[in-house]
Amino acid sequence: AADRFTYSPDIAIADGYRRGDLGFVLPARPATLHHWGRALANCLADYEPAVATGRSVVIGVEERGTLVGALELTGRPRRVRQFVAHTNGRPAPAHRHAVDRMLRDLGLVGR
């Protein structure tokens, strides 16, 4: 497993992107996924191998600095595999809308 995750430039542009009160962040290291998994009470830590090898991209969604969800992109062309909130619950409509806009704005899916 990698000590630090690396991202291609077309993915790296998502890190720090903001849309209103929401910010998007890429996990820098495996420990970040473990922390996010605890914060969201889900199995994000299990995605470490997929993120390390580039099979999956996980993007954290923060609202005013607090993690409120995580988005997984997979495949070529990329597609959204899942977007979950705390305990794998359904994200708020405003969060889903912001994620859709971010994906469109940055061209992260469908190519």
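D105 counts as partly exposed because its relative accessibility is 40% (buried means under 20% relative accessible area, exposed over 50%, and partly exposed in between, using a 1.4 Å probe and protein chains only). The side chain of D105 meets that of R19 in a salt bridge, 3.3 Å from N to O (a salt bridge is a side-chain nitrogen of Lys or Arg within 4 Å of a carboxyl oxygen of Asp or Glu). D105 lies in helix α4 (residues 93-106) and R19 in strand β1 (residues 18-19), so this pair ties together parts that are 86 residues apart in sequence. Helices (H or I, at least four residues) and strands (E, at least two) are DSSP runs, numbered from the N terminus.

Please keep in mind that this is a predicted model, in which local features need pLDDT of at least 70 and side-chain atom pairs count only at pLDDT 80 or more, while totals for chains, interfaces and linings use all residues. Residues are numbered from 1 along each chain as its sequence is written, and side-chain values use heavy atoms, with hydrogens and water left out.

**Salt bridges**

- Side chains of opposite charge can pair when their charged atoms come close.
- The structure holds four salt bridges, and one of them is the D105 and R19 pair.
- R19 is partly exposed because its relative accessible area is 26%.
- D10 and R78 form another salt bridge through their side chains, at 2.8 Å from N to O.
- D10 sits in helix α1 (residues 9-12) and R78 in the loop between β4 and β5 (79-84), so this pair links parts that are 68 residues apart in sequence.
- How exposed are the two partners? D10 counts as partly exposed at 23% relative accessibility, whereas R78 counts as buried at 5%.
- E72 and R81 also meet in a salt bridge, with 2.9 Å from N to O.
- In this pair, E72 counts as buried at 3% relative accessibility, while R81 is partly exposed with a relative accessible area of 48%.

**Helix α4**

- Take the 14 residues of α4: at 1.5 Å a residue they should span 20 Å, and the end C-alpha atoms are 20 Å apart, which agrees (the expected span is 1.5 Å times one less than the number of residues in the helix).
- Which residues of α4 are buried? They are H95, A98, V99, M102, L103 and L106.
- An α-helix has 3.6 residues a turn, so residues three or four places apart point the same way.

**The largest pocket**

- About 190 Å³ of space lies in the largest pocket.
- On a 1 Å grid over the protein atoms alone, a pocket is an open set of points where a 1.4 Å probe fits, with protein on both sides within 12 Å along at least five of seven lines.
- Grid points are joined across faces, edges and corners, and the volume is the space filled by probe spheres set on the points.
- The largest pocket is lined by 14 residues, and the closest to its centre are I11, G54, V57, R76 and R78 (lining residues have an atom within 4 Å of a point).
- β3 (56-63) and β4 (66-74) are the elements that give two or more residues to this lining.

**Backbone details to look for**

- R76 and P77 are joined by a cis peptide bond, with omega about -5°, and P77 lies in the loop between β4 and β5.
- T87 is not a glycine, yet it has a positive phi of about 50°; its place is in the loop between β5 and α4.
- N88, found in the loop between β5 and α4, has a positive phi of about 60° although it is not a glycine.
- T87 is partly exposed with a relative accessible area of 48%, and N88 counts as partly exposed at 43% relative accessibility.

- E48, in helix α3 (residues 48-53), is buried with a relative accessible area of 15%.
- E48 and R101 are 53 residues apart in sequence and 26 Å apart in space, C-alpha to C-alpha.
- V58, in strand β3, counts as buried at 1% relative accessibility.
- V58 and L44 are 14 residues apart in sequence and 8.7 Å apart in space, C-alpha to C-alpha.
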